[in-house]
Amino acid sequence: MQTVPAMISTKDLSYIEDMANWTYTLSKKANHFANEVTDADLKDGFQSLAAKLKTHYEMLLGVLQMGGTNESE
């Protein structure tokens, strides 16, 4: 699904909040591991993963900030 529906249920918002929390935690861990490893390929991989997770987190946060309504419609 590429777009947010006009209304999201409370249960769905709760699940999206959980996903945002999981994604934030994984992003922090990927950053931590990127700083800990010495292998350049692993460092690049962890940094790339952290950047992707940050993008996903920001998308989920945007949905949560809309409060379950799609204001663009």
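## Overall fold

Two helices and zero strands make up the secondary structure of this chain. Keep in mind as you look around that this is a predicted model. The chain has 73 residues, and 21% of them count as buried.

Contacts along the chain are worth a look too. Taking the contacts with a separation of 6 or more, 70% are between residues 24 or more positions apart.

## How the two helices pack

Helix 1 covers residues 10–36 and helix 2 covers residues 40–65. Their axes come within 8 Å of each other and cross at roughly 155°. Angles over 145 degrees count as roughly antiparallel, and helix 1 and helix 2 are therefore described as roughly antiparallel to each other. The crossing of the two helices is left-handed.

What kinds of residues form the contact of helix 1 with helix 2? The contact divides into 17 nonpolar residues, six polar ones and three charged ones.

## A salt bridge in helix 2

Searching the whole structure turns up one salt bridge. Glu58 and Lys54 are the partners, and their closest N and O atoms lie 3.7 Å apart. Both residues belong to helix 2, where they are four residues apart, so about one helical turn separates Glu58 from Lys54.

How accessible are the two partners? Glu58 has 46% relative accessibility, so this residue counts as partly exposed. Lys54 is partly exposed as well, with a relative accessible area of 48%.

Key
Residues are numbered from 1 along each chain as its sequence is written. This is a predicted model: local features need pLDDT of at least 70, side-chain atom pairs count only at pLDDT 80 or more; totals for chains, interfaces and linings use all residues. Side-chain values use heavy atoms; hydrogens and water are left out. Axes are lines fitted to C-alpha atoms, for helices over the stretch in contact, and angles run from 0 to 180 degrees between N-to-C directions. Angles under 35 degrees count as roughly parallel, over 145 as roughly antiparallel, 65 to 115 as roughly perpendicular and the rest as oblique. A crossing is left-handed if the near helix is turned anticlockwise from the far one by less than a right angle, and right-handed if clockwise. Ala, Val, Leu, Ile, Met, Phe, Trp, Tyr, Cys and Pro count as nonpolar, Asp, Glu, Lys and Arg as charged, and the others, Gly among them, as polar. A salt bridge is a side-chain nitrogen of Lys or Arg within 4 Å of a carboxyl oxygen of Asp or Glu. Buried means under 20% relative accessible area, exposed over 50%, partly exposed in between (1.4 Å probe, protein chains only). Contact means heavy atoms within 4.5 Å.
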